[in-house]
Amino acid sequence: MKHIISACFFLFSLSMFSQNVTITVDQNLTLKEFFKQVENQTDFKFAFTDQIDTNGKYFIKKTTFQQVEIDKLISELNKNASIKFSVAGNNIYVNQKSQAPKTTTKKKSKLTGQILDDTKQPAIGANIYVEELEAGVITDIDGKFSIEVPNGTYTVSVSYIGFKTSEKRVTVAEDLKINFNLEADSQQLGEVIVTGTKAIDIKNTQMSVNKLSMQEIKRIPAAMGEPDPLKSILTLPGVTNAGEASSGFNVRGGAADQNLILLDGAPVYGDSHMFGFFSVFNADAISGLELYKGGIPSKFGGRVSSVLDVTQQIGDFQEYKVNGGIGLISSRLLVQGPLQKDKGSFLIAGRTSYAHLFMKLQDNKNSAMFYDLNAKLNYRFNANNTLSFSGYLGSDIFDINDRFTSSYGNTMGILSWKHTFSDRLNTNLSAFYSDYKFDLGLPTESFEWNSNIKSYGLKYNWNLQQSEKFKINYGVEGQMYDFNPGVVRPTSSDSQFNYNQLDKKHSLEASAFVDFENQITEKLNFRYGLRYSMFFRLGSEVISTYENDQSVVYNPLYNIYEEGIPTGSISYGKGKTISKFDNLEPRAALSYAFTENTSVKASYNRMAQYIHILSNSQSPLPMSIWTPSGPFTKPQLLDQYAIGYFKNLKDGDYSFETELFYKNVQNRIDYIDGADILANNNIEQVILNGKARSYGLEMLVRKNKGNFNGWISYTLSRAEQKTPGRTPEEPGVANGNWYLSGYDKLHNLNVVGNYELSPKWSFNGNFTLRSGQPVTYANGYYEFGGINVPNYALRNENRLPVFHHLDIAATYTPKPDKKKGWQSYWVFSIYNIYNRKNAASITFTTNDDTGFNETRRLSIFGVVPGVSYNFKF
């Protein structure tokens with residue numbers, strides 16, 4: 001399979017590399033004829049000013065070029081033409097030859113500044129172009145830029161999608177700072193060629209990362225008609241989940257607990273509402289997200305599968321705004337505005353569901369609801385100092401016939417101070433707190449159970465731009481963890497349960513990192529870094545000891561693993577070190593650009609994960625318990641390799657990317673058959689240490705512009721796990737062989753399309769097709785005491801049926817030209833339009849009436865219509 005994939009990848013690459021031209025120019029060739037010949041043979045387009053006469057004849061002598069690269073063609077023509085050609089992205093600019101004196105021997109100075117939009121928020125990714133030098137840069141996350149130029153006078157232009165292009169004429173004699181405030185452009189413009197707006201950043205070393213804007217997320221149809229940032233990433237290559245209405249997501253065959261989820265830099269441990277129907281991220285409050293699947297920068301650590309970096313909006317610095325939406329089962333509202341004009345801003349957003357109210361009207365005693373709140377505060381003391389606070393509070397509440405009650409949710413806050421020391425050096429100091437809790441009550445049994453995980457810590461990051469071609473990012477981080485696996489409390493005097501506090505656990509994780517970005521040549525870029533992490537399991541805690549230091553023992557008589565019998569215990573006082581781990585985590589990535597539109601990239605990263613979810617189900621439940629590494633649980637270690645091919649087509653209208661990846665994880669937790677995890681104070685008695693691997697091919701084709709746009713993603717992959725016996729006599733799990741992990745999806749196809757019919761109507765669709773989830777079926781029965789007892793096959797030897805559904809949505813905007821006052825639009829959606837009954841599980845049971853064995857399929861969704869009314873003012 002590997003050889004087939006490699007061959008296909010190589011053949012496809014050969015067909016994409018060519019951007020050569022065969023052409024003859026002479027004194028009789030007009031510029032228009034020249035444009036046509038080049039555009040017919042390549043993906044390049046020409047841009048020129050009114051001063052250029054396309055019917056004119058600018059070539060000085062006759063020259064024939066045979067299959068010459070564009071760069072060489074332009075270089076030769078500039079020697080023999082009375083005009084000047086230059087290449088930027090997919091565009092070839094045509095200008096009058098400048099009479100300015102040469103600046104190659106002049107002293108160079110630094111031109112820096114910040115770009116703000118009309119609400120005084122940073123313009124992230126805006127393009128700064130110095131016309132005379134035909135060079136440019138893009139702004140960073142703070143809207144700042146820096147470029148080194150020879151001393152002289154230049155025209156600096158700034159372009160940003162949705163805003164009018166701004167120009168300034170500047171004279172550079174020493175380091176100079178200039179700022180731009182962009183003006184929103186509400187008019188429909190003609191064709192405008194903007195440098196640096198390619199769909200893929202060809203030269204950037206970062207690979208295996210997918211970005212989605214909130215505009216894209218809100219277009220993807222979802223169940224219940226609610227735009228969902230977390231569900232939207234399931235349309236990307238390499239990303240799946242356990243099925244409909246399931247929590248968590250799996251990246252490149254990894255488990256859900258191997259994903260680091262960050263909201264404005266603070267960790268979030270619970271990612272869903274209503275057991276997976278909704279994510280915890282309010283689409284109105286989010287500005288965008290980035291999913292790192294591989295080639296992960298050194299600043300991230302602590303998980304071995306992926307990093308989902310979610311950022312909230314920062315609020316409007318100029319005027320007060322309100323927007324929201326009303327749906328069938330939930331509604332949301334956001335308010336933002338200035339605390340002090342141009343200096344401070346706030347944002348508050350809230351959501352709540354109200355399905356439980358309809359239940360009560362029908363005298364239904366069941367209840368299910370959720371709510372969440374997002375907040376963001378920003379204050380700019382001056383150009384060099386900004387203080388911000390980001391917070392989240394969310395909770396779910398369930399009540400089933402007064403027999404079962406449950407509540408769970410997140411509380412998160414992070415305070416950040418950004419300081420700029422100079423144009424070259426800026427820092428970000430953050431303090432954060434995150435808490436996830438789960439409570440369960442059984443009134444009929446007169447007891448309740450509470451558990452939670454807390455973490456709190458500090459981060460301090462530095463960004464140093466040594467030069468245009470060399471950047472350094474470095475920092476330190478420390479965080480404390482408090483794990484409460486559960487406390488059982490009786491709720492009445494006649495309860496059969498006694499008060500029982502499971503052993504609380506405490507740990508400290510500390511790390512330091514450095515990351516270098518180095519432009520070796522115009523075509524070759526290299527990023528390399530190192531992270532050093534330490535983890536301490538701390539007291540107070542009592543640790544059991546076992547004979548031969550084995551908490552799990554093998555019973556050869558019954559060929560099963562059993563819980564070890566404790567022989568004693570060791571008591572560790574508060575703050576005493578129980579276990580200590582440390583790891584070096586090198587990272588490296590490079591890119592080589594064959595042309596301005598074609599590159600290959602490769603990456604390697606090692607990562608360590610010190611905390612784990614205890615769950616023997618393939619979809620993490622809200623009651624899943626986190627536990628730290630320790631005497632019987634080793635840290636997970638990842639080594640991941642990836643190589644990819646990237647190309648922009650037709651001036652960035654289309655883009656194509658494909659990657660091959662291989663992941664190897666050491667010390668992956670596995671469980672003995674029949675493991676009892678809930679309320680187990682000696683969890684090491686049911687845990688075995690194994691390993692995991694995954695490998696595959698990902699492809700993503702996007703149409704980025706036009707009334708019709710979208711993407712097609714496909715992944716061919718394999719995810720496996722292996723837990724061999726510790727001795728030659730032990731069988732391990734699945735006889736010690738590689739077996740499919742619960743996250744294996746051999747095929748995963750997603751098609752997302754958006755069509756804007758008119759300013760009033762737009763339509764969206766999403767089709768998903770993927771292999772069924774690996775499961776373990778019964779392969780026979782035996783009778784014991786008159787009862788049929790199933791006998792199961794090897795672990796995950798079977799699969800659920802193929803999973804697929806088609807979702808559509810239509811958006812209606814009654815008054816699209818209205819730019820002020822009350823503005824609104826309607827979203828009509830149908831999830832699973834052809835009513836596919838996808839299997840969430842298959843159970844084997846005996847029919848009570850006939851006594852025959854039968855198989856039952858559980859499906860979560862059929863067809864689900866949705867409608868929401870959305871507004872802003």
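This is a short tour of a predicted model, one selection at a time.

Residues are numbered from 1 along each chain as its sequence is written. In this predicted model, local features need pLDDT of at least 70, side-chain atom pairs count only at pLDDT 80 or more, and totals for chains, interfaces and linings use all residues, while side-chain values use heavy atoms, with hydrogens and water left out.

**Stop 1: helix H2**

Select residues 31-41, which form helix H2. Helices (H or I, at least four residues) and strands (E, at least two) are DSSP runs, numbered from the N terminus. Leu31, Phe34, Phe35 and Val38 of H2 are buried, that is, under 20% relative accessible area, whereas exposed means over 50% and partly exposed lies in between (1.4 Å probe, protein chains only). Looking down the axis of H2, the buried residues fall within an arc of 100°, so they line one face of the helix; the arc is that of the directions from the helix axis to the C-beta atoms. Lys36 and Asn40, on the other side of H2, are exposed.

**Stop 2: an open sheet**

Next, show the open sheet of 5 strands, ordered S14-S21-S22-S17-S18 with mixed pairing. Strands pair if DSSP finds at least two bridges between them. Strand S14 (209-213) and strand S18 (266-267) are the edge strands, each pairing on one side only. Strand S17 (residues 259-263) runs parallel to strand S22 (residues 306-312), with 5 bridges between them. Select Leu260 to find Val307 of S22 opposite.

**Stop 3: salt bridges**

Select Glu698 and Arg252, whose side chains meet in a salt bridge (2.8 Å, N to O). The term means a side-chain nitrogen of Lys or Arg within 4 Å of a carboxyl oxygen of Asp or Glu. Glu698 is in strand S45 (residues 687-703) and Arg252 in the loop between strand S16 (250-251) and S17, so the pair ties together parts that are 446 residues apart in sequence. Glu698 is buried at 3% relative accessibility, and Arg252 is buried at 2%.

Move on to Lys705 and Asp653, another salt bridge (3.8 Å, N to O). Lys705 is partly exposed, at 31% relative accessible area, as is Asp653 at 27%. Across the whole structure, a search finds 22 salt bridges.
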